[in-house]
Amino acid sequence: MPGLWTQAHIVMSVMAYALLTLSAVSGFAVFLQERALKRKQPTKLTRLLPAVAEGERLQIGLLVLAEILLGLGVATEHGGELDQGRRRAGAGP
């Protein structure tokens with residue numbers, strides 16, 4: 001059974017990649033909105049999407065959160081390695 005550090009690493013990494021995916025979807029929505037504005041032909045879909053500025057703000061916020069979580073995921077990976085090293089050192093000769 002994986003230890004607490006490993007479980008934290010997995011959860012944080014999966015959450016980070018989920019946020020990256022949502023950020024990509026947000027970026028695609030911004031792309032569609034900009035294209036519709038340039039062509040001056042809004043579609044049913046682009047009318048439902050948020051404004052370009054809001055979409056970009058959402059995308060940046062998601063990217064920042066993903067970066068933080070990915071950093072924490074890397075840190076928990078190294079924390080697990082340190083914890084295992086301590087256990088081995090204290091286990092005996």
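1. Lys40 has a relative accessibility of 72% and therefore counts as exposed. This lysine lies in the loop between H1 and H2. The phi angle of Lys40 is near 55°, a positive value in a residue other than glycine. Most residues other than glycine have a negative phi. A colleague inspecting the backbone may wish to begin with Lys40, given its positive phi.

2. The model is predicted, and its confidence deserves a word before any detail is discussed. The protein chain has an average pLDDT of 87, and 82% of the residues reach at least 70. Among the elements of the chain, helix H2 (residues 44–48) carries the highest confidence, at a mean of 95, whereas H3 has the lowest, at 83. Where pLDDT is low, the predicted coordinates should not be read in detail.

3. As to the overall architecture, the protein chain contains three helices and zero strands. Read from the N terminus, the order of elements is α-α-α. Helix H1 covers residues 4–39, helix H2 covers residues 44–48, and helix H3 covers residues 52–90. Of the contacts in the chain with a separation of 6 or more, 69% involve residues 24 or more positions apart.

4. The chain has 93 residues, of which 23% are buried. Its accessible surface is about 7,000 Å², and carbon and sulfur atoms account for 68% of that area.

5. Which residues form the largest nonpolar core? This core consists of five residues, namely Ala16, Leu19, Leu62, Ala66 and Leu69. Helices H1 and H3 each supply at least two residues of the core. The greatest contribution comes from H3, with three residues.

6. Leu19, a member of this core, is located in helix H1. Its relative accessible area is 16%, so Leu19 is buried, the cut-off being under 20%. With neighbours within four places in sequence left aside, Leu19 is in contact with Leu62, Leu65, Ala66 and Leu69. For the pair Leu19 and Leu62, a sequence separation of 43 residues goes with a C-alpha to C-alpha distance of 5.8 Å.

7. Is Ser23 buried or exposed? Ser23 has a relative accessibility of 2% and therefore counts as buried. This serine belongs to helix H1. Apart from neighbours within four places in sequence, its contacts are Gln59, Leu62 and Leu63.

Note on methods:
Residues are numbered from 1 along each chain as its sequence is written. This is a predicted model: local features need pLDDT of at least 70, side-chain atom pairs count only at pLDDT 80 or more; totals for chains, interfaces and linings use all residues. Side-chain values use heavy atoms; hydrogens and water are left out. Helices (H or I, at least four residues) and strands (E, at least two) are DSSP runs, numbered from the N terminus. pLDDT is the predictor's confidence in each residue, from 0 to 100. Buried means under 20% relative accessible area, exposed over 50%, partly exposed in between (1.4 Å probe, protein chains only). Contact means heavy atoms within 4.5 Å. Accessible areas come from the Shrake-Rupley method with a 1.4 Å probe; for residues, only the protein chains shown count as cover. A nonpolar core is a set of buried Ala, Val, Leu, Ile, Met, Phe, Trp, Tyr and Cys residues joined through side-chain atoms within 4.5 Å.
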